[in-house]
Structures are given as C-alpha cells and as structure tokens.
Amino acid sequence: RERWTGASGTLDIQFADQKQEFNKRPTKIGRRSLSRSISQSSTDSYGSAASYTDSSDDETSPRDKQQKNSKGNGDFCIKNIKQADFGRREIEIAEQEMPALMALRKRAQGEKPLAGAKVVGCTHITAQTAVLMETLSALGAQCRWAACNIYSTQNEVAAALAEGGFSVFAWKGESEDDFWWCIDRCVNLEGWQPNMILDDGGDLTHWIYKKYPNMFKKIKGIVEESVTGVHRLYQLSKAGKLCVPAMNVNDSVTKQKFDNLYCCRESILDGLKRTTDVMFGGKQVVVCGYGEVGKGCCAALKAMGSIVYVTEIDPICALQACMDGFRLVKLSEVIRQVDIVITCTGNKNVVVREYLDRMKNGCIVCNMGHSNTEIDVASLRTPELTWERVRSQVDHVIWPDGKRIVLLAEGRLLNLSCSTVPTFVLSITATTQALALIELYNAPEGRYKQDVYLLPKKMDEYVASLHLPTFDAHLTELSDEQAKYLGLNKNGPFKPNYYR
C-alpha cells in the first residue's frame, strides 16, 4: 500500500521488506491511504460496451438456448432475455440525445411513410440503433436485425428489443460462424420477404447476393452507411451486378462531417483508456489515414499532449495534415519508436507482419476503420508467437524474445468494440438512414435506376436543422435581396450537390 501526507507534501512509498517498520508508525492526520494498489486497479476488467454487457458468466451459446419474451414470442436469438429491463433504461437514455428521431416519430403519428416496408438490417446493435429501429417501427416498418460486428452488440439492448417484439439475432462475442448464422436467420424466414435493406459494411447485401439472389426481385433499395460497404456497392455497380437502387449514406455530408469526425474525436480516447489505461501525454502515436476519422483521432490525441504522426496516400489529405501541425511520415520511418498505432484508412494490409515485428515492446495496436482488414492479424497467428488474453478485447501478442504488443479487439473497430460512442452524433447518422429508407421506399417507379445515389443536399440540411433546437441555436434567414444575390432559394439547399 502507498501512503502520502496531505499538508507536508512528502511521499512515503513502502516496499515489502519495510512492512513491519512502516506499520509501527502512527498514522498522522492528513494521511490517507489508497484503498487498493495501483497494480490491482489497472488490471480490473471493465465491461466494454456497457456495464451489463459482460456480466453474464453463462457460457452456453445463445444458439443452444430456447428463450421467449413475456408475450411468448421466441423469434430472436440473443444472450439473455432477462436483461431486457437494463436495456430499456439504456434506450431511454439514448432517446434523450436523439432529438431528430423523436421528431420523426411525432410526425409519424399522422402518416406512416414506411407502412408495408419490411426492413432487414445489419448494423451495430446498440442503444442508439434501438432508437432507430423503434422509430422505423413507429413509421410503419417491420424489422429483422443482425449485428455487423461480432463485438459491438450491447446484450441488454438486444434483450430489450427482443422483449419489445423485434426479431434480433446478435450477441457480444459471436464467432465467425455465429455471425453468418445470425444474418441468415434474419433473412431466411418462411412467409417473410424483405423489401428494404439497411446495411453497415455490406455483409448482409453480400449474403443475399450469394444465397438468395431471387430476393432482389422484391427489394426496392439498399441503404449503406460505411466506407467499406459503399465501396462494395460501387464495385457491384461497375460490374453491372447491382440489381436495385442503393443509397450511399456514408458520403452524405451529415455522415462524413459529423459521425466520422466528431464521433471518432470523442471515442478514440475512450476506447484506448478503457482497454489499456494508457496516459496520452507525451506518447508518440502514428495515425494511418487523414480522412474524417483520422482527423478526429489526431485532434483528440493532440489535445491530450500526444506527439502525433500521420501517414497518407492522398496529397490533399496529406497537405491538410501538415497544415494542422502533424508530421507526415511513412509508417516504416516511425514504426520502431511509436507507442500507439491507429489505422483509419478503410484499406487492407496497412500494418503488416514486417511492421508488427519491428514495433517496440508494449506498443498498442488498434483499428478505427470499419473493416477488420487494416491490421494483418492473421499473420500473428503463428506457432512462434504466444497470445495472452489480458481482459475483454485486449490481447498481448508475445514474441520469442519476450517483446509484446497490445492488440485491441483483434484488429476490429476499436470504439464500438471496446467503448461506447456519443449518442448525439449517431442521431444525425440514424436520421439520415431513416430518411434514405423513406425516400427509396416511396420513390415512384423509375426515379432511381440500379445505381448508387447520394441523398439530396436538401435532406442533409433537413437532418441538420432537426438537431439545432438542442443547442438553442437560431438560424439567420436570407432576405429576398440576399437570396437573389447568391442565386439561392431562401429555404435551401444552400450548398451545391457536389459539396463535400
């Protein structure tokens, strides 16, 4: 145990061999003792996404359990239906920070723009997604849902959704086999045919193409929100294989400039802190990629006093990094000296085995990009390396000479796997997704061809305006003369369609 005096400022640290002598001393007024040792507090295991998520010691696979909700419905597969009350409270907290979705629900009391819609979804299953799903339901849609990430599901939220009558197939810590099984259970139900897809990462779309291509005859459109998923859609479109219209939510301004930037700016520190208790001040960090996600990560780390390097392939983003005061480097130049490596490129094999071999002892390696392809984790699963699970989503990978790196979430998305993300920012993205579904579902025949579309700017601006009342923010209105001078409609859109 360590003790320090309050007033005098002198510090006594006692080691094992001084124990007897130390205990004989009278405790002075002003001394206080730490209730637990530093080493103990830093190795305590934290529940990663929310406090109840990891509390179940039950090792039975949810696939082997028969569970029913209070109404006797069992069309779901989750960890533990008994956690529904905890999940309901989480959802109620999220509702406070998602004003636009709540506003859509109010409007939906009169009209139901998604009446008859059968939405199959594959996203992160968190309290924020639950607010979106319940909003879609209020707008008239039927929903079936699976998780797009094996670590990001909040078990208690999945329980609350199942209790509320939603068909949810997801739990935290699914295996790769579970992941595809859940997606299949979502899609493949006798007598139920989806007519809309809401995807995050493109796995659900990929699965339907692979297993049930005939379903696309009834599907009116796909809404996709990640860089990876959108990339896959453009590939399909280019190859002439995209057989329904798709809405690229990722590149709408309300996603790029908000979710990618501000969400990552706040959650990067949270994910690192919860998993490693790392001190950021003075640490050398390399951030791979200076898109919106990279910008958010760099801003947060710089503000905490870290020394930040950036790698980039695009000269424009590279110049932005330089202007923002970051050293632009190649990964090979700094890999031996950095304390933390963060990938956010959306690419693959950014950190390969050669770089992992050259890292210094204790280097923390993690990924903030959507896909788990950025760090070559497969190359670390070789006989000469030892894997040691430290706590949930934290592994030490140990080399024969004793060097170790700290790998977070096995290279998957750090913030959603190891921490939570700010609800308000997700409200912006979720509202954009809901409006994209409404737009595609209600579009007259022929308005959208079999291609990938961006949401109109007018819709982006509408989403933003729904969030302004939260800040008691007051927009200035153009006079007729000013509007004419700028060549704009007084009510918008205020930016051209190509604006990014």
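Analyst: K490 has a relative accessibility of 38% and is therefore partly exposed (buried is under 20% relative accessible area, exposed over 50% and partly exposed in between, with a 1.4 Å probe and protein chains only). The model is predicted, so local features need pLDDT of at least 70 and side-chain atom pairs pLDDT 80 or more, while totals for chains, interfaces and linings use all residues. Residues are numbered from 1 along each chain as its sequence is written, and side-chain values use heavy atoms, without hydrogens or water.

The partner of K490 is D480, with the closest N and O atoms 3.0 Å apart in a salt bridge (a side-chain nitrogen of Lys or Arg within 4 Å of a carboxyl oxygen of Asp or Glu). D480 belongs to helix α18 and K490 to the segment after α18 (480-486), so the bridge ties together parts ten residues apart in sequence. Helices are DSSP runs of H or I of at least four residues, strands are E runs of at least two, and both are numbered from the N terminus. D480 is exposed, at 56% relative accessible area.

The whole structure holds 21 salt bridges. One of them joins R105 and E95 at 3.6 Å, N to O; R105 is in helix α4 (residues 99-108) and E95 in helix α3 (residues 84-96), ten residues apart. R105 is buried at 17%, and E95 is buried at 18%. R274 and D270 form another, at 2.8 Å, N to O. Both lie in helix α10 (residues 253-276), four residues apart, about one turn of the helix. R274 is partly exposed at 26%, as is D270 at 22%. R381, R389, D395 and E410 are linked in a network of salt bridges.

For the annotated site, an unreviewed UniProt entry lists positions under "binding site", including G294 and N415; such positions follow the numbering used here, feature names are shortened, and annotations may be inferred rather than shown by experiment. G294 lies in helix α11 (residues 292-303) and is buried at 0%. Beyond four places in sequence, G294 contacts V287, G289 and C344 (contact means heavy atoms within 4.5 Å). N415 sits in helix α15 (residues 414-418) and is buried at 4%.
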